[in-house]
Each structure stands twice: as structure tokens, then as C-alpha cells.
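Open the model in your viewer and keep the sequence panel beside it. The tour below goes from stop to stop, saying what to select and what is found there.

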Amino acid sequence: MKADKEFDFSFKQFDRLRRLAHDYSGIHVTDDKYEMYYARLAKRLRALKLNNFTDYITRVEKDKDEFREFINAITTNVTAFEREPHHFAHLKQIISSWSKPTINIWSAGCSTGQEPYSILVNILPICRQKRINVKMLATDLDTDVLMKAKAGIYPLEAIDAYDIDTKRKFFKRGKGNKEGFCRVKPELTGMIDFKQLNLIYPWKMDQTFDCIFCRNVLIYFEMDKKLEILDRYAAQLAHDGTLFLGHSESIPRSDTSWQTIGKNMYQKRSL
Ligand SMILES: C[S@@+](CC[C@H](N)C(=O)[O-])C[C@H]1O[C@@H](n2cnc3c(N)ncnc32)[C@H](O)[C@@H]1O
């Protein structure tokens, strides 16, 4: 602990807060995240005009709204358009040989929306040509990122990965006080059902998905939680559906219900 901090933050307080976050979100936080917790939560103390972490913890424990702000503050939301592009190339292949009228896709842990929008940008031209109806669900635990995802406004550099035609087709360039930003066209935003969903608790959903993207999310959970969520994905995925995980994630060999079909891509093993 550094002595020059604006607020005293003991290891015990850090531990209390990470346990609260873990119980609710499943996010496992190691000791080395102490400074990260301090930096993110000191902002909340300033916003609430609190002088110390003792009062902050009491507030988090008693006030539902602040608990939500706390969870939003501790989630890590790094994402980008066209992140791990080999997944989109594979998805285009799937769509090219698709023979059903609808494709159902879930982006689980969608953060600020770049993942579900990247999916649409890649598949829509083929889907339109083949008259395939796209249904897309995008979920996250963090309510702040979901608001940003719905708004669909990003700095222009965020869409550097796209050529000029793609930019014109799917994004609108900001003018005046929106100079330097772009907005995803409403036809795309309107195609996505954005919802808050906590992956660590069983969810209720009627539909099955042809593709589930859950990239760079499971890394935050402990093994038993990961395996539990993977089982629930298996139940939610169509028999020939594909699960996409992040670059540093894989399904443990001990879980024999999945087979690898490409880099961080899996299908259910047929019985
Ligand atoms: C690093 S981002 C990944 C974003 C995107 N999938 C990608 O790969 O670019 C991880 C996201 O998982 C979300 N998350 C963390 N714990 C969660 C939980 N228990 N339920 C749902 N989402 C969660 C975070 O809020 C965050 O937005």
C-alpha cells in the first residue's frame, strides 16, 4: 500500500470489495489488482463526495444503485471492432453455406457493442443476398457498457479496420460537436436486442442459438464456473451450432462434450 494515496485503502478493504464483486459477478480478482481497484473506485468516492473506503463499503452494501455502479466500475470492458478477425471469416463461411431462413446469434459479454456490430457488418451483405433473417442478442453484466453499445457512437479511429465502402454502408460520420466520431446506422442498432444478463446464474431463454460468441469473458471466472457456463451454452446451442471463445481461452480437455473446429471455435460433440 502506498502512503501517498488520496484515500487510505487497506488490503482488508480491497479484499472485502473483491469478495462482494466475486459473489455477484463470478469475477475472480488476484492480489495484484489492488492498484486497479483503488484507481477505479477512488473515482466513485470522489463522485459520491466520500472521504474514506469504510463509508464507501457501507454504501455499496446498503445502496442497490451504488452496488450497480461498483460492479460497472470493476468490470474490464476492453474490446474492439474486428477483434480476432478469423472468427468473422469463419462466420462468413458458415453463412455462405447456410440453408435455413434465420440465423440466431448471441454475443455474451458484448461490452460496448463492437463485437455484435462487427458480426453484423461481416454477415449482413451475405445474409441480404441469401435472404437470411438475422436475430441477434447481445448481453453484458455492466449496465454502462450496454448503454454505450445501444448508442453505437465511437471515435472514428475505432472503425479504421474497415474500407471506405463498409464505413459508408454501416456508419454515419459525426458533424459539428460530433466531429471525430461516427454512429452505427440505426438499421444495425435496431437489429440487436441488448439486455443485461449475469452469466454466472442460470438464465431463462427459449431460443437456441446457431452461434454463441463469448470471447474474453470466461477468463475472469474460476474453473468450476467456466465449466458450468459451458454446459449451459451447450444446452442453448443448436446441434450444429458454433461457440467462439477468446484468444486466450480454451475448453479444458477434460470436458469431452465439445470438439475443436478451429482456433478458439467449438462445436458440440455428437453423441
Ligand atoms: C473484456 S470484455 C469482452 C468484450 C468482447 N466480448 C470482446 O471480446 O471484445 C468482458 C466483458 O464481460 C463482461 N462480464 C464480466 N462478468 C460478467 C458476468 N458475470 N456476466 C456477464 N458479463 C460479464 C464485462 O462486463 C465485460 O464487458
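Begin by selecting β3 and strand β5 (residues 181–184), which pair in the antiparallel sense over three bridges. Keep in mind throughout that this is a predicted model.

**Stop 1**

Three strands make up an open sheet here, in the order β3-β5-β4, with antiparallel pairing. Which strands stand at the edges? They are β3 (153–155) and β4 (171–173); each has a single partner strand, so one side of each is left without a neighbour in the sheet. Look along the sheet and compare the strand directions: neighbours are turned by 30° against each other on average, direction ignored.

What holds such strands side by side? In general, strands of a sheet pair through backbone hydrogen bonds, and the pairing is either parallel or antiparallel.

**Stop 2: the seven-stranded sheet**

Select β6, β2, β1, β7, β8, β10 and β9, in that order across the sheet. These seven strands form an open sheet with mixed pairing. The edges are β6 (192–196) and β9 (258–262), and since each has a single partner strand, one side of each lacks a neighbour in the sheet. From one strand to the next, the twist averages 20°.

For a parallel pair, show strand β1 (residues 102–108) with strand β2 (residues 133–140), which are joined over seven bridges. Threonine 102 stands opposite asparagine 133 in β2.

Next, show the helices that pack on this sheet. Helix α6 touches β1, β2, β6 and β7 (209–214), and its direction makes about 175° with that of β2. Helix α7 (residues 143–151) touches β2 and β6, and its direction makes about 165° with that of β6.

**Stop 3**

Leucine 243 has tyrosine 266 in β10 as its bridge partner.

β9 and β10 pair in the antiparallel sense over four bridges. Here threonine 260 has tyrosine 266 as its bridge partner in β10. The two strands form a hairpin with two residues between them. Click on asparagine 264 in the turn: its phi is positive, about 55°.

**Stop 4: two helices together**

Select helix α5 (residues 86–96) and helix α6 (residues 114–129). Their axes are 10 Å apart and the helices pack at an angle of about 35°. The crossing of α5 past α6 is right-handed. Which residues meet? From α5, show Phe88, Leu91, Lys92, Ile95 and Ser96; from α6, show Glu115, Ser118, Ile119, Asn122, Ile123, Ile126 and Cys127. Coloured by class, the residues of this contact divide into seven nonpolar, three polar and two charged.

**Stop 5: the largest pocket**

Switch to a surface view for the last stop. In general, rolling a probe the size of a water molecule over the atoms shows where empty space is left. The largest pocket holds about 560 Å³ of space. To find this pocket, select Ile27, Thr76, Asn216, Val217 and Tyr220, which are the closest to its centre of the 33 residues that line it. By class, the lining has 14 nonpolar, 14 polar and five charged residues.

Definitions and conventions. Residues numbered from 1 in each chain as written. Predicted model: local features only at pLDDT ≥ 70, side-chain atom pairs only at ≥ 80, totals over all residues. Heavy atoms only, no water. Axes fitted to C-alpha atoms, helices over the stretch in contact; angles between N-to-C directions. Left-handed = near helix turned anticlockwise from the far one by under 90°. Contact = heavy atoms within 4.5 Å. Nonpolar A, V, L, I, M, F, W, Y, C, P; charged D, E, K, R; others polar. Pairing = 2+ DSSP bridges. 1 Å grid on protein atoms, 1.4 Å probe; cavity = no way out; pocket = protein on both sides within 12 Å on 5 of 7 lines; lining within 4 Å. Points joined across faces, edges and corners; volume = space filled by probe spheres on them.
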